[in-house]
Amino acid sequence: QAQLVESGGGLVQPGGSLRLSCAASGFTLDSYVIGWFRQAPGKEREGVSCISESGASEYYADSVKGRFTISRDNAKNTAYLQMNSLNPADTAVYYCAAERRRSFSTLQTMCTRGLKDSWGPGTLVTVSS
């Protein structure tokens, strides 16, 4: 059964850092676009960042550009989101998701609409002093 599981969330002070991991089982990630999404209470889901199958291309939402870095290790079947300079507005449940591209779509398009094939259960990130 194809599964994604996030880890690494928690409580962090403003200005701090966290690294989220997204581990896949039941399928290999190297043929999939991977994305990180977040949803804060009372807000719509936001596409934070996506990375292409090989890792050569990345997309970031304006709200995290310059602070967050997405990466992947296909040999470990895992993707990561390094989050630096966190602020309270980053508080949300963070989800990773995967999609195998079936037609040409840009990372921005895919990240904006959400990925279709698999989603993890999410991990909570709380930024507070």
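**Close-up views of a predicted model**

Figure 1. The structure shown here and in the following views is a predicted model.

**Figure 2. The largest nonpolar core.** The largest nonpolar core is made up of 38 residues. Within this core, the residues with the most contacts are Leu4, Trp36, Phe68, Leu81, Met83 and Tyr94. Strand 9, which spans residues 92–99, supplies the largest share of the core, with 5 residues.

**Figure 3. The surroundings of Phe68.** Phe68 is among the residues with the most contacts inside the largest nonpolar core. When residues up to four places away in sequence are not counted, Phe68 touches Arg38, Val48, Tyr60, Leu81, Gln82, Met83, Asn84, Leu86, Asp90 and Tyr94. Of these partners, Leu81, Met83 and Tyr94 are also listed among the core residues with the most contacts.

**Figure 4. The disulfide between Cys22 and Cys96.** The structure contains 2 disulfides, and one of them joins Cys22 to Cys96 with an S to S distance of 2.1 Å. The torsion about this S-S bond is about 70 degrees, and the disulfide is therefore right-handed. Cys22 belongs to strand 3 (residues 18–25) and Cys96 to strand 9, so that the bond links distant parts of the chain, 74 residues apart. Cys22 has a relative accessibility of 0% and therefore counts as buried. Cys96 is likewise buried, its relative accessible area being 0%.

**Figure 5. The disulfide between Cys50 and Cys111.** The sulfur atoms of Cys50 and Cys111 lie 2.2 Å apart and form a disulfide. This link is right-handed, with 95 degrees about the S-S bond. Cys50 is located in strand 5 (residues 46–51) and Cys111 in helix 1 (residues 107–113), so the pair ties together parts that are 61 residues apart in sequence. Both Cys50 and Cys111 are buried. With bonded cysteines counted along the chain, the disulfides of the protein follow the pattern 1-3, 2-4.

**Figure 6. Ser118 and its contacts.** Ser118 is situated in strand 10, which covers residues 118–119. The relative accessible area of Ser118 is 10%, and this residue is therefore buried. Apart from neighbours within four places in sequence, Ser118 is in contact with Ala2, Gln3, Leu4, Phe27, Cys96, Ala97 and Ala98. One of these partners, Cys96, is bonded to Cys22 in a disulfide. Another partner, Leu4, is listed among the residues with the most contacts in the largest nonpolar core.

**Figure 7. Arg113 in helix 1.** Arg113 lies in helix 1, the helix that also holds Cys111. With a relative accessible area of 32%, Arg113 is partly exposed, whereas Cys111 is buried. Neighbours within four places in sequence aside, Arg113 is in contact with Arg45, Glu99 and Ser105. From C-alpha to C-alpha, Arg113 and Ser85 are 26 Å apart in space, and the two residues are separated by 28 residues in sequence.

Note on methods. Residues are numbered from 1 along each chain as its sequence is written. This is a predicted model: local features need pLDDT of at least 70, side-chain atom pairs count only at pLDDT 80 or more; totals for chains, interfaces and linings use all residues. Side-chain values use heavy atoms; hydrogens and water are left out. A nonpolar core is a set of buried Ala, Val, Leu, Ile, Met, Phe, Trp, Tyr and Cys residues joined through side-chain atoms within 4.5 Å. Buried means under 20% relative accessible area, exposed over 50%, partly exposed in between (1.4 Å probe, protein chains only). Helices (H or I, at least four residues) and strands (E, at least two) are DSSP runs, numbered from the N terminus. Contact means heavy atoms within 4.5 Å. A disulfide is a pair of cysteine sulfur atoms within 2.5 Å.
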